[in-house]
Amino acid sequence: MKKQLKSINYYRSYYLIGSLVLCMTMLSCFYDKQSDLTHNEIRYLELETKIKCPICPAETIAESNTKISQDLKDFIKNKINDGWTDEQIKSFLVSKYGIEILATPDKKGIGLFLWIIPIIILIIASLTYFILYSNIRVKKRII
Amino acid sequence: MIYGPLGDILIKLSLGAYIYSLMSLFLGIKFKDFKFLLSSRFAANIGFVLILISTITLVLGFVNHDYSIQYVADHSSDAMPKIYTWIAFYSGNEGSLLFISTSLSVLLYIFLKNKNLDDMTINYSKIFILFFLIFLLGTTAILANPFNESMYIPDDGQGINPLLLHFGMFIHPPVQMIGLTAVSIPFSLSLGSVINNDSDNKLSLLRKWSISTWMILTAGLALGSWWAYTILGWGGYWAWDPVENSSLMPWLIMTALIHSIIVQNKRNMFKGWNLFLVVFAFFMAQMGMFINRGGAVPSVHSFASSSLGWTFLIFMTISSFLSIIFFMFNYSKLNSPKKVTSVLSRESFILIQNVLFLSVALITLMGTIYPVFTQSIENQQIYVGREFYDKVNGPILLILMVILSIAPFIPWKNTGFKSFIKKKIIFILISLIIAIINSWLIQGHYWITITLFIFYFATFQFLNEVYRIISVSKSKKFKYMNRIKIAFKMIFSNSSRYGGLISHTGILLVMLGIAGTSFMGLEKDFALQPGETAVFKNYKFKYVESIVTTKSDHTNYEAMMEINKNGKFLGTYSTSKSYYPRFDMNSTKAGIIEFGLEDFYFSQSILSEDNSAVFEVKINPLVSLIWYGSIVVILGAFTSILPLFERSRKNKLYLRNEE
């Protein structure tokens with residue numbers, strides 16, 4: 001009995017050491033974005049995925065390589081450096097190119113319903129769960 | 001040359017053989033006559049051989065540059081690399097339709113192999129598969145025949161889309177197409193077994209087909225994202241593009257299905273729910289084909305777009321309408337007596353998981369087709385991009401990860417809340433502490449803390465399971481090698497459970513990869529002159545020179561870069577960009593260097609006259625975990641369906657009696 005316990009501990013220690021090593025590896029892999037990029041650069045990276053390339057079928061300017069998206073990227077960089085806010089840049093581009101320049105519509109006007117859909121779906125989903133679950137219970141009680 | 005007319009005749013003969021097979025099947029079922037059933041099976045086999053030869057004919061037409069076929073002239077050229085002529089036949093609409101039909105007939109052949117002729121479930125299922133196959137084959141033969149002759153024979157063809165000239169072309173498109181068509185087999189099988197009231201006996205077959213289909217779909221998704229990462233030159237692997245979504249949606253539903261089948265197997269519940277899931281999965285697969293071909297939604301995957309969307313739309317509408325009617329008529333058969341009794345039970349968690357996967361699929365579907373609505377109602381073109389999907393689907397997927405880490409370790413039927421917490425509290429506490437320390441050290445976003453917590457919690461659970469296997473197999477008698485053997489035996493004796501756990505481990509790795517790139521990825525543009533050096537994080541790189549080579553169909557710009565990490569010289573790497581004047585298109589080949597789990601990624605975006613260039617440089621930590629994780633997922637799924645074929649002695653006996 002004692003021997004068995006000993007051998008279990010032997011394996012458990014292996015397992016603990018293994019998981020600690022794993023965590024340490026993870027620790028070395030994760031680092032912070034902030035330390036290597038300035039605040040404006042992070043803003044630019046986020047903004048460029050929100051603007052669509054006007055002539056490509058379904059790519060944002062971050063993904064596309066066309067001339068016009070290069071120009072738009074430069075425009076956004078310059079405006080960020082001039083101190084414009086994200087909203088200002090977006091609304092300027094919308095006024096110039098129309099709402100189809102946005103990769104994802106805002107939560108207003110034509111895009112509002114899009115953002116409501118997930119809530120509706122999740123409500124239906126939880127109802128489905130409870131119906132499938134409780135239906136069941138009621139029947140059981142009757143029986 | 002002969003390829004055009006030959007292929008044309010073969011494809012039509014094959015269509016005829018399958019139509020004959022379907023009619024003969026109907027007669028056989030009606031009169032319960034084995035001669036008709038046997039004849040139907042022979043006809044299906046003949047159709048299979050004919051369509052296979054027809055596909056080979058098309059491939060040979062491509063290899064021998066037979067430009068008298070319009071499709072060959074449109075999708076290949078003399079200048080394209082020789083090896084790509086073997087696979088260029090599925091690069092366009094007509095050829096890929098032929099490929100889809102061929103793959104479905106191969107699947108039908110595998111499905112019917114070693115099955116009894118008097119197995120009515122299989123016969124009923126065959127009706128549905130044949131309907132789908134005849135639809136696909138008919139569309140190919142009549143509306144989009146790849147063997148149509150050219151009006152005049154050009155000296156040289158148009159050439160293949162340059163984005164498709166990549167190693168991924170050999171595997172990703174075929175795997176993806178086979179995966180989407182394969183969804184029809186579980187669909188047909190479960191409809192057939194409901195008609196024959198035989199769903200309990202056919203459950204293990206259904207499970208095997210569903211998991212194999214899911215495995216193929218997973219491989220398709222993983223290969224697709226790997227391809228996007230290496231060739232499209234923007235450093236990402238998933239763009240929530242409509243066509244990507246359309247391949248994700250069937251995968252999501254199949255994921256729900258393969259889990260709820262377990263409940264039906266173990267607890268004899270969820271019969272109706274499973275049928276609903278499989279019908280929905282088939283609907284989504286057809287939706288994928290429609291989105292890919294119909295061109296209803298703008299996408300970067302417009303390689304196979306055509307005017308054929310309406311045929312798919314009509315077939316999809318009819319089939320889903322009929323499925324709903326079928327569902328209503330058979331509702332009484334599908335009620336199962338046993339019910340979920342506790343929230344904290346495996347079946348309840350699987351139900352939650354199912355419902356959440358369905359929600360993700362529906363949200364993705366809505367996001368994909370929302371632009372169609374705005375276009376038709378308000379005549380306003382809009383796009384739905386990654387911001388929507390990330391914000392909405394991201395949290396749901398995280399919840400699913402929590403379920404992944406808990407559910408496999410919860411017993412069936414019922415478990416007390418207190419005993420559950422007692423067992424898990426140590427894991428929860430340890431993982432929470434490590435996650436908090438971890439994200440405090442890097443001062444990360446709170447999303448990172450949550451993700452890491454879930455990851456550690458699941459990892460601890462999984463390691464605990466590994467420990468359990470080892471501790472069971474340990475014994476003084478056995479030596480080290482034998483212990484490993486015993487552990488393997490344990491895994492294979494309960495292959496469905498351990499296969500599932502392996503797959504889940506793979507999913508965890510993929511999740512960590514996604515978290516690493518999206519939370520920790522760095523990106524910056526550098527404008528460099530030849531000979532200039534730049535520093536980014538702990539990398540130092542020097543733009544050496546640019547080499548321009550001109551070939552008959554494209555010009556290639558290659559930039560050489562010397563890379564140092566932490567002051568250590570790692571070597572000279574190159575990124576290239578090719579311009580194809582005939583398509584007015586650029587294809588980029590990024591320079592990707594893996595250092596452990598971290599990728600250093602660079603691609604050139606602009607090249608000026610004086611050879612100065614702008615480079616997009618990215619550091620993607622943990623990205624390779626996505627590819628390795630996917631391999632683990634597929635291996636796990638494969639383990640879970642072992643042994644692949646159950647021996648059916650009955651079949652041979654039956655044939656002997658017949659003789």
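1. What covers the buried residues of helix α3 of chain A? The cover includes α2 (39-48) and α4 (86-97) of chain A, together with β8 (598-607) and β9 (613-621) of chain B. Contact here is heavy atoms within 4.5 Å, and helices (H or I, at least four residues) and strands (E, at least two) are DSSP runs, numbered from the N terminus. This is a predicted model, in which local features need pLDDT of at least 70 and side-chain atom pairs count only at pLDDT 80 or more, while totals for chains, interfaces and linings use all residues. Residues are numbered from 1 along each chain as its sequence is written, chains are lettered from A and ligands numbered from 1 in the order in which they are written, and side-chain values use heavy atoms, with hydrogens and water left out.

2. Now look at α3(A) itself. Its buried residues (under 20% relative accessible area, with exposed over 50% and partly exposed in between; 1.4 Å probe, protein chains only) are Ser69(A), Gln70(A), Leu72(A), Lys73(A), Ile76(A), Lys79(A) and Ile80(A). An α-helix has 3.6 residues a turn, so residues three or four places apart point the same way.

3. How far apart are the end C-alpha atoms of α3(A)? They are 23 Å apart, which agrees with the 22 Å that its 16 residues (67-82) should span at 1.5 Å a residue; the expected span is 1.5 Å times one less than the number of residues. After the helix comes Gly83(A), with a positive phi near 95 degrees.

4. Next, follow β8(B). Because 8 of its 10 residues are buried, β8(B) is largely enclosed by the rest of the structure. Two strands pair if DSSP finds at least two bridges between them. β8(B) pairs in the antiparallel sense with β7(B) (591-595) over 5 bridges, and Ile592(B) has Tyr601(B) as its bridge partner. With β9(B), β8(B) also pairs in the antiparallel sense, over 9 bridges, and here Ile606(B) is partnered by Val614(B).

5. Finally, visit helix α11 of chain B, where Ile314(B) lies. Is Ile314(B) buried or partly exposed? Ile314(B) is partly exposed, with a relative accessible area of 44%.
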